[in-house]
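Biologist: I'd like to learn about the pockets of this protein. Could you walk me through them?

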Amino acid sequence: MANVAVIGAQWGDEGKGKIVDWLAERADMVVRFQGGHNAGHTLVVGENVYKLSLLPSGIVRGTPSVIGNGVVLDPWALKAEIERLGEQGVHASPETLRIADNCPLILPIHRDLDGLREDASGAGKIGTTRRGIGPAYEDKVGRRAIRVCDLAHLDDLGPQLDRLCAHHDALRAGYGEPPVDRERLLADLREIAEFVLPFAKPVWRDLNEARTGGKRILFEGAQGVLLDIDHGTYPFVTSSNTIAGAAAGGSGLGPSGVGFVLGIAKAYTTRVGSGPFPTELEDETGQRLGERGHEFGTVTGRKRRCGWFDSVLVRQSAAVGGITGIALTKIDVLDGFDEVKICVGYKLGDQTLDYYPTHAADQAKVVPVYETMEGWQESTAGARSWADLPAQAIKYIRRIEELIRCPVALVSTSPEREDTILVRDPFAD
């Protein structure tokens, strides 16, 4: 039986949380392998709605869950999220949640720097969540990070604090801010350490034992391939690799353990924040997609930009992301349209492109080439088999498969956990 990695095939917000939750019923372990609490996964289980940012989606089912070393962890956000879920009857304990002890921490100084940079960037603003994710990854790569394991050795933190503060004090001075308050930072870390340390483990050992024991491991990505630091619409991207290859390095299991890669894509396209968006619809159709799809960011509450499905971008995501099969979500949002469109290429001046150009100036100039299909008036909401879908909806799905050169493995027809059509079982590959 294969392990499965779930990644976003667009700009995030594709519905990964529901799909991971649905697959977690048959998984023995769920692993978050990158990103931070800038992710937003919404799970709808009956009358209950769970909003997750940092915790793996398997936690709601009680499936043993892991936060891998590829994640940047805000320990205060972790505590708040665990407490909030506890009020909803979902209890995370060291038995159900493990955190990689080599996971780098997001500190208050990272949040400060994130906000200062955004405020000073003017037209160059990236549109971050201001939660410190980017600065924390910078300190990790710069070998200045304080990690989970350091919480057990705070009395020995002096040299690391020297490196960290030398960097941040210079940056803060440039923004007219005072130096880092080292004593306050240490006091905050001592206070939160007691909460975090019981969850800390060398999780690479647990994952390798699970693998050799024939357990099913489900890897949960955050954001989407088009926000990947290397392969996304740079510089309007996140600060980590979001492709399936990151599951290996971000968990400690190794590349041969990843298995089936399930890419999640909406039946249309959305994006939050700044950056290029070739098929964006700033008209009544775009507004209709947003209203029907309830397109507001789980983390930020920001309204998402909406447009037609872009097969060029998803085909590119499937290639660089290593995607084996697609889970197509929110097909029900397209119910009732007289016609639906799919972007099948771009015009860039006199050129016709079948890929998305790398440079931001070219990205801004491309004009989408559309293929128009007949829509359907019947409802797909709640469908759980092919027989429940209108013929035109099936034709739409099959055309997407042809264009992105990747089979559809799952179709989601509502936010509800069980409203899912299984076409190909990822765990059976």
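Modeller: Gladly! On a 1 Å grid over the protein atoms alone, a pocket is an open set of points where a 1.4 Å probe fits, with protein on both sides within 12 Å along at least five of seven lines; lining residues have an atom within 4 Å of a point. Points are joined across faces, edges and corners, and a volume is the space filled by probe spheres set on them. This is a predicted model, where local features need pLDDT of at least 70 and side-chain atom pairs pLDDT 80 or more, while totals for chains, interfaces and linings use all residues. Residues are numbered from 1 along each chain as its sequence is written, and side-chain values use heavy atoms, without hydrogens and water.

Biologist: What volume does the second largest pocket have?

Modeller: Its lining has 26 residues, with T42, G293, H294, K330 and P415 nearest the centre. The space in this second largest pocket is about 620 Å³.

Biologist: Which element gives the most to the lining of the largest pocket?

Modeller: Helices (H or I, at least four residues) and strands (E, at least two) are DSSP runs, numbered from the N terminus. The largest pocket, about 880 Å³ in volume, is lined by 42 residues. Two elements give two or more of them, α3 (108–120) and α4 (133–141). The most, four residues, come from α4.
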